[in-house]
Amino acid sequence: MTQNIDSTLQENRLFPPSPDFAANAQINEAQLLSLYKQAEDDYEGFWAERARNELAWHKPFNTILNSDNAPHYHWFEDGELNVSYNCLDRHLADKADKTAIIFEGEQGDTRHISYAELHRDTCRFANALKAEGIEKGDRVVIYMPMVPEAIVAMQACARIGAIHSVVFGGFSAEALKDRIDDAGARMLITADGGHRGGKIIELKQAADKALAHCGDSLEKAIVLKRTGHDVTMQSGRDIWWSDATEGACDECEPVWVDSEHPLFLLYTSGSTGKPKGIQHSTAGYLLGTITSMKWVFDYQQDDIYWCTADVGWITGHSYVAYGPLAVGGTIVVYEGAPTVPDTGRFWKLCEDHKVTVFYTAPTAIRALMKCGDEIPNKYDLSSIRLLGTVGEPINPEAWMWYHEVIGKARCPIVDTWWQTETGANMIAPVPAVVAAKPGSCTRALPGISADVVDEAGNAITTPDKGGFLVIRKPWPSMLRTIWGDDARYIDTYWGKFDNRYYVAGDSARRDKDGYFWIMGRIDDVLNVSGHRLGTMEVESALVAHPRVAEAAVVGRPDEIKGEAIFAYVVLREARPKGGIDEALTAELRGWVAEQIGPIAKPDNIRYSDNLPKTRSGKIMRRLLRTIASGEEITSDTSTLENEAILLQLQGKE
Ligand code: PRX
């Protein structure tokens with residue numbers, strides 16, 4: 001077992017919801033208990049009832065759960081529906097004029113888009129995709145800034161049954177190319193650029209580089225004009241968004257697809273160098289986003305809901321582009337960085353748009369906390385009634401700051417544990433009922449059978465004893481497979497306990513009240529600013545550099561980012577004198593940014609003559625982690641082949 005399993009963090013404060021919040025919430029204690037009871041008594045019936053009530057079906061389903069080909073589970077088979085119909089058309093009768101999206105660009109430009117307008121724009125764009133020959137099942141890669149058109153593009157793909165794969169705009173040309181090729185995408189939707197951090201993000205330039213090297217599946221690119229700066233358009237391949245949609249019809253009949261039809265692929269890091277294309281379904285996925293919008297975010301008709309995630313991540317899929325629209329909500333979409341023009345931007349956005357529910361990552365909370373209370377205190381945050389966090393464990397100090405300075409001790413905080421693979425919140429409080437403890441994601445939601453088991457797969461019943469976080473039963477919004485790699489799907493998520501449970505890859509413990517505490521990843525995956533990065537991915541990028549012979553990457557604790565990237569590098573040439581070569585370090589950091597994206601840049605690079613290996617040749621990662629975090633080495637290093645390199649690894653020689 002890894003070090004994560006042994007760590008302990010005791011936090012006993014309990015924060016029950018305020019009577020005011022509880023009085024107005026959608027789900028009270030009796031309702032929640034009845035949901036749990038129903039799920040317990042008739043698991044499949046529980047989900048079937050939710051699916052019938054929450055989704056608009058074109059054709060009802062016959063089977064609830066098909067486990068014939070487990071662990072490839074099928075939910076609600078033979079049913080037909082369309083996600084875009086569920087998110088848009090079904091609201092037109094009574095919410096056509098309701099604002100669906102409040103958009104604000106980094107430079108301050110704003111737009112309000114009603115459901116009728118979003119429906120129209122989606123239909124037009126869907127017709128444009130069809131005109132370019134995109135059909136049901138085709139893959140479309142979306143590489144966009146955080147603007148409403150990114151959501152339009154996703155909804156339009158869903159409308160015609162095309163499978164989108166959004167690639168975060170901060171990923172490099174190389175990463176984009178790999179994803180286009182792995183997905184076999186026919187179309188790329190991108191923009192000339194986006195505004196972020198006071199600069200233009202050169203999306204089209206990166207896209208051109210990717211397209212120049214990718215395989216021949218890719219035929220066309222549609223390019224949104226966002227910044228208006230000069231970019232090159234390749235004739236025959238690139239089409240402006242405005243030209244593609246010019247004269248396109250405002251109506252587009254949705255393509256009805258089977259419940260199990262893939263809605264999207266989203267690439268995420270794993271423990272090998274190659275990212276995995278997580279494949280999600282249509283009906284089950286959408287159901288998970290809707291039930292969690294209601295249970296966890298206590299969705300109410302007049303909410304102004306702001307989830308700060310980019311659509312390049314799963315949070316931006318489930319809680320920007322799909323869940324809130326499926327329930328007919330109003331969302332805030334912000335293009336830029338939280339620091340432009342100053343670190344009050346998030347709070348100003350909350351004040352200006354009267355945000356009621358605010359959902360962000362602990363790393364953002366910690367960064368904004370560092371700027372001092374006087375910044376948020378300048379703004380009127382009284383519209384906020386519920387706060388959320390996601391992506392990594394939140395440290396109690398940041399939780400308390402969020403609670404007191406942002407929530408004014410009035411607002412419950414929902415700490416939501418879930419993953420790209422789970423599609424929707426899994427372990428999270430129902431805010432009017434479950435009292436919060438700072439740092440705990442509390443309890444599994446109804447219909448989600450989360451548990452902590454030991455190495456043999458037996459449930460751990462001793463409070464506070466760490467183990468593997470597993471989900472015992474399949475659930476509707478679970479991933480269906482890894483695109484093109486069923487074997488890796490089974491091996492990664494099910495293999496450890498003979499296909500009996502889904503293995504999340506996290507360690508966790510439950511306290512005496514049954515609350516879950518996530519302790520960290522148990523695989524070689526880092527959590528940098530709430531984003532997953534494989535250590536192997538960064539290592540492969542480093543060794544692809546002509547001067548690098550070997551590399552080992554580990555995480556070290558970081559106050560703001562959660563984890564920072566620490567790389568040990570062995571060069572093909574002699575080790576730099578004293579282990580220092582600033583120019584090379586800068587070059588290698590830039591190189592990794594080019595191979596993956598700026599988020600993967602190592603924070604530290606240390607050069608050594610060799611990596612610490614056991615006699616059987618295994619890299620001693622635990623030792624490297626200890627050194628990276630500046631802790632004293634207490635483990636036995638006598639099995640090291642070359643003990644002398646310890647001083648180099650510690651930066652002492
Ligand atoms: O380690 C857990 C951590 O983030 C991982 C999932 O990362 P990703 O697929 O990128 O999705 C992030 C957004 C859902 C998990 O395996 N994680 C996520 N939420 C929490 C968390 N760790 C602790 N507490 C959370 N609330």
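This is a predicted model: local features need pLDDT of at least 70, side-chain atom pairs count only at pLDDT 80 or more; totals for chains, interfaces and linings use all residues.

User: Why is Arg-480 called buried?

Analyst: Buried means under 20% relative accessible area, exposed means over 50%, and partly exposed is in between (1.4 Å probe, protein chains only). Arg-480 has 6% relative accessibility, so it counts as buried.

User: And what makes Asn-395 partly exposed?

Analyst: Its relative accessible area is 25%, so Asn-395 goes down as partly exposed. Asn-395 sits in the loop between strand 19 and helix 17. Its C-alpha is 5.7 Å from that of Gly-439, though the two are 44 residues apart in sequence.

User: Back to Arg-480: which side chain does its own side chain make a polar contact with?

Analyst: That of Ser-281, at 3.2 Å. A polar contact is a pair of N or O atoms within 3.5 Å; within protein, one must be able to donate a hydrogen and the other to accept it, and residues adjacent in sequence count only if both atoms are side-chain atoms. A polar atom of the Arg-480 side chain also lies 3.0 Å from the backbone oxygen of Pro-476. If you count contacts (heavy atoms within 4.5 Å) and skip residues up to four places away in sequence, Arg-480 touches several others, including His-72, Trp-75, Glu-260 and Tyr-489.

User: How do you know that helix 15 is largely enclosed?

Analyst: Seven of the nine residues of helix 15 (residues 362-370) are buried, so the rest of the structure largely encloses it. Among them are Pro-362, Ile-365, Arg-366 and Met-369. The buried residues pack against helix 14 (345-353), strand 18 (357-360), strand 19 (386-390), helix 17 (396-406) and strand 29 (562-571). Just after helix 15, Gly-372 takes a positive phi of about 100 degrees.

User: What makes the protein chain as compact as a globular protein of its length?

Analyst: The chain has 22 helices and 30 strands. Its radius of gyration is 24 Å, close to the 26 Å that the globule rule gives for 653 residues, so it is as compact as a globular protein of that length. The radius is taken over C-alpha atoms, and the rule is 2.2 Å times the number of residues to the power 0.38. Of the 653 residues, 61% count as buried.

User: Which residues are closest to the ligand?

Analyst: Asp-415, Thr-416, Thr-420, Asp-506 and Arg-521 are the closest of the 17 residues that surround the ligand. To be near, a residue needs a heavy atom within 4 Å of the molecule.

User: What polar atoms lie by the ligand's oxygen and nitrogen atoms?

Analyst: A ligand nitrogen is 2.8 Å from a polar backbone atom of Thr-416. The protein covers 95% of the 540 Å² of accessible area that the ligand has on its own, with areas from the Shrake-Rupley method and a 1.4 Å probe.

Technical notes: Residues are numbered from 1 along each chain as its sequence is written. Side-chain values use heavy atoms; hydrogens and water are left out. Helices (H or I, at least four residues) and strands (E, at least two) are DSSP runs, numbered from the N terminus.
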